[in-house]
Amino acid sequence: MDYRKRMRDLREDADLTQQQVANALGTSQTMYARYERGANALPIHHLLTLCELYDVSADYLLCRTQESHPYTAKNQKD
């Protein structure tokens with residue numbers, strides 16, 4: 001899985017439209033669709049906003065881990 005699919009899956013799981021996510025990012029629906037397709041690189045400030053919107057870590061959104069909150073889970077085990 002790559003981050004573009006994860007972005008789409010998170011959006012769909014939250015029952016949000018591309019327009020609603022675009023509004024949260026302060027961009028157009030067309031530009032957001034380009035991020036989901038990989039036609040444009042996702043700016044880091046949008047990455048951070050998406051992490052807050054979906055309450056997930058950047059590592060999860062970028063497919064570097066399968067745990068949506070890896071650092072929280074690790075800290076809770078200690």
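This is a predicted model: local features need pLDDT of at least 70, side-chain atom pairs count only at pLDDT 80 or more; totals for chains, interfaces and linings use all residues.

Reader: How many helices and strands does the protein chain have?

Author: Six helices and zero strands. Along the sequence the pattern reads α-α-α-α-α-α.

Reader: And what share of the residues is buried?

Author: Buried residues make up 33% of the 78 in the protein chain. On contacts, take those between residues at least 6 apart in sequence: 46% of them join residues at least 24 apart.

Reader: What's the mean pLDDT?

Author: The mean is 90 for the protein chain. In all, 88% of its residues reach 70 or more.

Reader: Where is confidence lowest, and where is it highest?

Author: Lowest in helix α6, residues 70–77, with a mean of 56. Highest in helix α2, residues 18–25, at 98.

Reader: Noted. Switching to charges. How many salt bridges turn up?

Author: Four, in a search of the whole structure.

Reader: Next pair. What does K5 meet in a salt bridge?

Author: The side chain of D9, at 2.9 Å from N to O. K5 and D9 both lie in helix α1. They are four residues apart, about one turn of the helix.

Reader: Are those two buried or exposed?

Author: K5 has 35% relative accessibility, so it counts as partly exposed. D9 has 19%, so it counts as buried. The cut-off for buried is under 20%.

Reader: And the third pair?

Author: E36 with R11, the closest N and O atoms being 2.6 Å apart. This pair links distant parts of the chain: E36 sits in helix α3, residues 29–37, and R11 in helix α1, 25 residues apart. Both E36 and R11 are buried.

Reader: Why would side chains like that pair at all?

Author: Side chains of opposite charge can pair when their charged atoms come close.

Reader: OK, what about R6? Which helix is it in?

Author: R6 lies in helix α1, residues 3–13. R6 is buried, yet it has no salt bridge.

Reader: What is the nearest side chain of opposite charge to R6?

Author: D9, and it is 6.2 Å away. A salt bridge needs the nitrogen and the carboxyl oxygen within 4 Å.

Reader: So what does the side chain of R6 reach?

Author: The backbone oxygen of Y60, at 2.6 Å.

Reader: Which residues does R6 touch?

Author: Leaving out residues up to four places away in sequence, R6 touches M1, Y60, L61, C63, T65 and Q66.

Reader: C63 is on that list. Where does C63 lie?

Author: In the loop between α5 and α6. C63 also has a positive phi, about 65°, although it is not a glycine.

Reader: Where is the place of D15?

Author: The loop between α1 and α2. D15 is exposed, with a relative accessible area of 69%.

Reader: Back to the loop between α5 and α6. What about R64?

Author: R64 is in that loop. R64 has a relative accessible area of 66%, so it is exposed. R64 and D2 are 62 residues apart in sequence, and their C-alpha atoms are 9.2 Å apart in space.

Reader: Last one. Where is S57 found?

Author: In the loop between α4, residues 44–54, and α5, residues 58–61. S57 counts as buried, at 14% relative accessibility.

Reader: How far apart are S57 and H69?

Author: They are 12 residues apart in sequence and 5.7 Å apart in space, C-alpha to C-alpha.

Reader: Great, that covers my list.

Terms used:
Residues are numbered from 1 along each chain as its sequence is written. Side-chain values use heavy atoms; hydrogens and water are left out. Helices (H or I, at least four residues) and strands (E, at least two) are DSSP runs, numbered from the N terminus. Buried means under 20% relative accessible area, exposed over 50%, partly exposed in between (1.4 Å probe, protein chains only). Contact means heavy atoms within 4.5 Å. Lys and Arg count as positive and Asp and Glu as negative; His and the chain ends are not counted. A polar contact is a pair of N or O atoms within 3.5 Å; within protein, one must be able to donate a hydrogen and the other to accept it, and residues adjacent in sequence count only if both atoms are side-chain atoms. pLDDT is the predictor's confidence in each residue, from 0 to 100.
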